[in-house]
Amino acid sequence: MGQDIFIKILRYNPNNSQIGHNETFRIEANNNSTILEGLLQVYEKYDSTLAFSYGCRVKNCGLCAVNVDGKPHYACVTRIRDGMQISPLENLPVIKDLVFERRIFSKYLENFKPYVVREREPEALPEIINQPDEHTQLMSCRECFACMSSCPKYDYRQDHFGGPLAFVKLAQLHYDVRDSIDRVKQVKGMGILNCSGCSRCTCISGIPINKIVIKPFLDLLTAM
Amino acid sequence: MILKTCDLLCIGGGGAGVAAAVTASQKGANVIIASKEPIGYGNTRIVGGVMAYGDIDRENEGEDFLRDMIVGGEFLNNQALCKMLVQESRQATMILEGFGGMLGRDDEGKVTSKALMKMGGHTYPRTLLLPSTGPGLGQALRYAIAGENIETLEMTIVTDLIQDGNKVFGAVGYDLTRGEIVVINCRKTLLATGGGGWIYFPHTDVSRSVTGDGFTLALNAGAELIDMEQIQYIPFSLTHPPGLVGIVVGEPFSAGPAGILKNIKGEDILPGVSLKTRAEVANAIILETEKGNGTKHGGCLLDLKENKNHPGGKILYDQFTKGLFKNVTDIVRFAYGPKAASWDEPWDVYPSAHYFMGGIVADEWGRVKGVENLFACGEVCGGIHGGNRLGSVSLMEIFIFGKRAGECAVFEMDNIRKLDQDLINSYADKIMGMFGGKGKHRPIELKRKLQSAMWEFVGPARTEEKLEKGLNALFSIKDEARELNISSDKIYNTEFIDAVELELMIPVSICIAKSAYQRKESRGSHVRLDYPQRDDKNWLKNIVIKKDGRDGFVVEFRPVKLTELQPPS
Ligand SMILES: Cc1cc2nc3c(=O)[nH]c(=O)nc-3n(C[C@H](O)[C@H](O)[C@H](O)COP(=O)(O)OP(=O)(O)OC[C@H]3O[C@@H](n4cnc5c(N)ncnc54)[C@H](O)[C@@H]3O)c2cc1C
Ligand code: SF4
Ligand code: SF4
Ligand code: FES
């Protein structure tokens with residue numbers, strides 16, 4: 001059976017306070033238990049006002065990313081350990097506890113036609129297409145916002161730096177052979193030239209952001 | 001309170017809802033799409049990544065596909081709907097790619113038979129892969145909505161449809177993150193809320209949001225639900241550790257040509273497992289463990305090792321370790337360790353709730369029977385898959401029916417009926433009355449109670465006695481749910497979410513239990529230990545259930561219309 005461990009969760013309730021505070025919970029866990037299991041235990045046993053989100057339980061939907069001891073992880077596939085500090089992702093508008101608002105980012109993205117814009121309709125369906133591997137890789141982004149949380153330049157309150165996920169979203173379209181918009185020009189407008197190239201935006205789903213997004217965009221822009 | 005008006009309100013932001021919304025918008029309708037998650041989520045977001053297309057080189061594909069669906073569904077299917085679906089099968093690919101999604105191609109970038117795979121229960125290869133799996137699909141849906149002039153209400157849970165008699169005029173919801181009631185007054189309303197696998201949590205692989213809300217919303221509006229006892233338990237799901245119970249790790253085809261399904265004694269319990277339907281494989285595991293031949297985790301053993309010495313099996317192995325299904329291997333490693341991930345150790349598997357074949361009765365245009373102005377499409381609809389859904393057909397179905405429903409809703413637009421303030425207030429009061437409830441029970445406590453009762457008594461292995469217990473448990477939960485304890489916070493109140501979902505889960509669960517109680521035979525995914533045989537003489541009938549106008553339900557038995565195909569006598 002499991003043993004008792006303690007975890008700390010950064011709580012924030014917009015309904016009654018303006019500052020966050022840590023709360024410690026005792027839960028039962030074994031070597032295999034995940035952070036998501038820990039959160040569910042807290043929720044079921046002690047406090048069902050704890051806000052956190054999840055969907056698939058297998059690093060697929062991207063809804064459960066949280067900061068664990070300062071670094072982003074999927075709660076569903078990260079083992080829980082005694083003394084862990086769990087907090088919401090950084091740089092994002094926290095709604096309550098571990099949940100943040102995604103709509104602000106969607107609104108921002110709307111300025112850049114975030115969909116395939118074709119020059120003309122295909123003649124025959126299904127089209128004959130070879131998408132580059134980068135397209136496939138980028139389309140599997142979980143939109144989990146972990147990279148945004150790690151980026152020292154991103155802040156949702158400011159529009160001058162789109163942030164790594166915004167660059168990923170435009171890169172999806174840049175590599176899509178069907179799309180006709182100049183996404184390189186757009187990504188410049190997102191402020192990618194202010195990226196320090198620090199590579200802290202490691203993707204927790206394994207997308208090589210620097211190699212297939214940031215570096216190629218910067219190379220194209222400096223070559224212009 | 002926020003008041004909105006539109007031509008068409010789509011409830012649910014998965015593939016079905018988005019397909020309907022985009023179609024209607026392209027035809028000029030003023031559309032709102034509401035979802036309790038962001039748009040592009042739900043089960044559509046987490047698909048393994050297979051979508052049926054149809055075979056390319058064979059002339060009889062239409063007939064064969066139809067036969068596979070009906071034989072696989074054990075003759076409960078609505079054959080007319082199946083026929084229509086099969087005829088339009090390739091449309092689904094065009095719709096999704098029109099949104100910006102991508103399906104797999106051959107090496108030259110063409111959709112040819114080389115790009116097709118064959119899944120369990122399909123007699124021919126006819127399925128395309130989605131190279132970026134569910135997340136890629138979800139993002140394509142978000143592209144499609146962003147590209148249209150559609151208003152989105154994300155994080156907005158619909159609690160009631162607004163109706164007068166048998167006519168629907170919109171819906172009431174609650175914006176969870178802003179903490180506000182939303183009232184939508186519209187000409188047509190469409191339900192695309194998906195299935196209800198979460199009713200069996202943790203013994204399910206569905207997304208947390210898939211709680212079956214739409215079934216109850218439709219029931220309350222006077223709609224009929226069909227085949228509710230038919231719940232697809234996907235055969236190969238994890239049995240442990242606790243956090244990963246129920247997670248799918250394969251369907252019949254993924255046993256591969258040399259894979260063996262064994263009991264604890266090492267005996268092969270289902271030769272040719274990779275060619276069977278999901279129901280056949282799940283039922284074999286269920287019956288074997290009922291005999292006491294299961295593992296200590298209550299499962300059977302899927303031994304894949306021999307595939308590595310088999311040419312066809314080797315290809316599959318590569319797909320699992322490097323290719324499209326790598327995510328599955330990662331999960332197996334996480335749960336069962338490296339030897340299981342490399343197929344050197346067998347996997348402990350048991351079926352888990354994956355898909356609802358049953359659902360709302362609607363016609364080929366998504367018009368809900370018995371309720372005016374109401375449409376439905378996607379997994380929330382019932383009848384087409386009968387007793388078993390073949391792998392990869394759901395994605396195909398949601399786009400085709402989504403498009404059809406969107407088209408028809410626009411075609412049938414009539415005048416909007418303005419809601420009077422008293423009516424709006426009565427719905428709003430009901431929602432506001434939930435906040436700050438001081439009852440005895442926390443909503444999550446009852447939700448978990450319902451889920452465990454459903455798994456234990458109305459789950460994969462059913463008997464009359466268990467179903468009676470299940471119904472009793474559901475009725476007592478229904479009573480207890482009158483006394484809920486809910487915080488009064490308006491913004492992101494998780495107890496409120498649980499309470500709304502609980503209230504919607506209870507009626508649909510009762511319908512499942514009642515239908516399962518009635519069907520005194522085993523057919524499709526419905527396994528009755530006390531009636532182990534399929535009984536074509538008495539049970540080529542659909543079970544249809546609806547509300548009786550008060551607090552009860554009426555059950556009706558309707559002979560299946562065998563217009564295309566008859567079972568062998
Ligand atoms: C793990 C897994 C893998 C699968 N893989 C495949 C596959 O590879 N191929 C295939 O063909 N099928 C697959 N399926 C089945 C397929 O995913 C679903 O049947 C299909 O996606 C259903 O689509 P939908 O649009 O009807 O519902 P969903 O995609 O589930 O969307 C329903 C939406 O409705 C919203 N909603 C629900 N209730 C409310 C409410 N009260 N108010 C507001 N919004 C609400 C939800 O938030 C959700 O966004 C898989 C299923 C699972 C669980
Ligand atoms: S490389 Fe650029 S985008 Fe990535 S973390 Fe650093 S500054 Fe942010
Ligand atoms: S790029 Fe990676 S880390 Fe960033 S949102 Fe996508 S999946 Fe998450
Ligand atoms: S719950 Fe879906 S990624 Fe963790």
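## Interface between chains A and B

Contact here means heavy atoms within 4.5 Å. By that criterion, in this predicted model, the interface draws 61 residues from chain A and 61 residues from chain B. About 5,100 Å² is buried between the two chains, and carbon and sulfur atoms account for 52% of this area. Three residues, A:Arg57, A:Arg103 and A:Met139, contribute 15% of the area that chain A buries against chain B, more than any other three residues.

The interface of chain A and chain B holds 4 salt bridges. A:Lys59 takes part in a salt bridge with B:Asp330, with 3.0 Å between the closest N and O atoms. Polar contacts across the interface of chain A and chain B amount to 41 residue pairs, both residues at pLDDT 80 or more. On the side of chain A that touches chain B, at least two residues each come from helix H1 (35-46), strand S6 (94-96), helix H2 (103-109), helix H3 (133-139) and helix H5 (164-175) of chain A. H1(A) gives the largest share, 6 residues. By class, this side of chain A comprises 26 nonpolar, 17 polar and 18 charged residues.

## Overall organisation of chain A

Chain A contains 7 helices and 7 strands. Read from the N terminus, the order of its elements is β-β-α-β-β-β-β-β-α-α-α-α-α-α. The C-alpha trace of chain A extends about 60 × 35 × 30 Å along its principal axes.

Chain A has 224 residues, of which 57% count as buried. Of the contacts in chain A between residues at least 6 apart in sequence, 65% connect residues at least 24 apart.

The residues around ligand 2 are A:Cys151, A:Pro152, A:Lys153, A:Pro164, A:Cys195, A:Ser196, A:Gly197, A:Cys198, A:Ser199, A:Arg200, A:Cys201 and A:Ile214. This shell divides into 7 nonpolar, 3 polar and 2 charged residues.

Around ligand 3 there are 13 residues, and those that come nearest are A:Cys141, A:Arg142, A:Cys144, A:Cys147 and A:Cys203. The shell of ligand 3 has 10 nonpolar, 1 polar and 2 charged residues.

## Buried elements of chain B

Helix H4 (residues 91-99) of chain B is largely enclosed by the rest of the structure, because 7 of its 9 residues are buried. The buried residues of H4(B) are B:Ala92, B:Thr93, B:Met94, B:Ile95, B:Leu96, B:Glu97 and B:Phe99. They pack against helix H1 (15-26), strand S3 (50-52), strand S4 (127-129), helix H5 (133-146) and helix H11 (393-411) of chain B. Just after H4(B), B:Gly100 adopts a positive phi of about 110°.

B:Thr44 is located in the loop between strand S2 (31-34) and S3 of chain B. Its relative accessibility is 9%, so B:Thr44 counts as buried. The side chain of B:Thr44 comes to 3.0 Å from the backbone nitrogen of B:Gly15. Beyond its neighbours within four places in sequence, B:Thr44 has contacts that include B:Gly14, B:Gly134, B:Leu137, B:Leu395 and B:Ile398.

B:Val168 belongs to strand S7 (residues 167-175) of chain B and is buried, with a relative accessible area of 0%. Between B:Val168 and B:Cys186, 18 residues apart in sequence, the C-alpha to C-alpha distance is 8.7 Å. Beyond its neighbours within four places in sequence, the contacts of B:Val168 include B:Leu161, B:Arg187, B:Thr189, B:Ala221 and B:Val371.

## Backbone exceptions

Most residues other than glycine have a negative phi, and most peptide bonds are trans. The bond from A:Leu125 to A:Pro126 is cis, with omega near -10°, and A:Pro126 sits in the loop between H2 and H3 of chain A. In chain B, a cis peptide bond links B:Phe201 and B:Pro202, with omega about 5°. B:Pro202 is part of the loop between strand S8 (180-191) and helix H6 (213-221) of chain B.

Positive phi values also occur in residues other than glycine: A:Asn91 has phi near 65°, and B:Phe75 has phi near 70°. A:Asn91 lies in the loop between strand S5 (85-87) and S6 of chain A and counts as partly exposed at 24% relative accessibility. B:Phe75 is found in the loop between helix H2 (61-72) and helix H3 (79-87) of chain B, where it counts as buried at 4% relative accessibility.

Conventions
Residues are numbered from 1 along each chain as its sequence is written. Chains are lettered from A and ligands numbered from 1 in the order in which they are written. Side-chain values use heavy atoms; hydrogens and water are left out. A residue is near a molecule or strand if one of its heavy atoms lies within 4 Å of it. Ala, Val, Leu, Ile, Met, Phe, Trp, Tyr, Cys and Pro count as nonpolar, Asp, Glu, Lys and Arg as charged, and the others, Gly among them, as polar. Buried area is the accessible area (1.4 Å probe) that two parts lose on being put together, summed over both. A salt bridge is a side-chain nitrogen of Lys or Arg within 4 Å of a carboxyl oxygen of Asp or Glu. A polar contact is a pair of N or O atoms within 3.5 Å; within protein, one must be able to donate a hydrogen and the other to accept it, and residues adjacent in sequence count only if both atoms are side-chain atoms. Helices (H or I, at least four residues) and strands (E, at least two) are DSSP runs, numbered from the N terminus. Buried means under 20% relative accessible area, exposed over 50%, partly exposed in between (1.4 Å probe, protein chains only).
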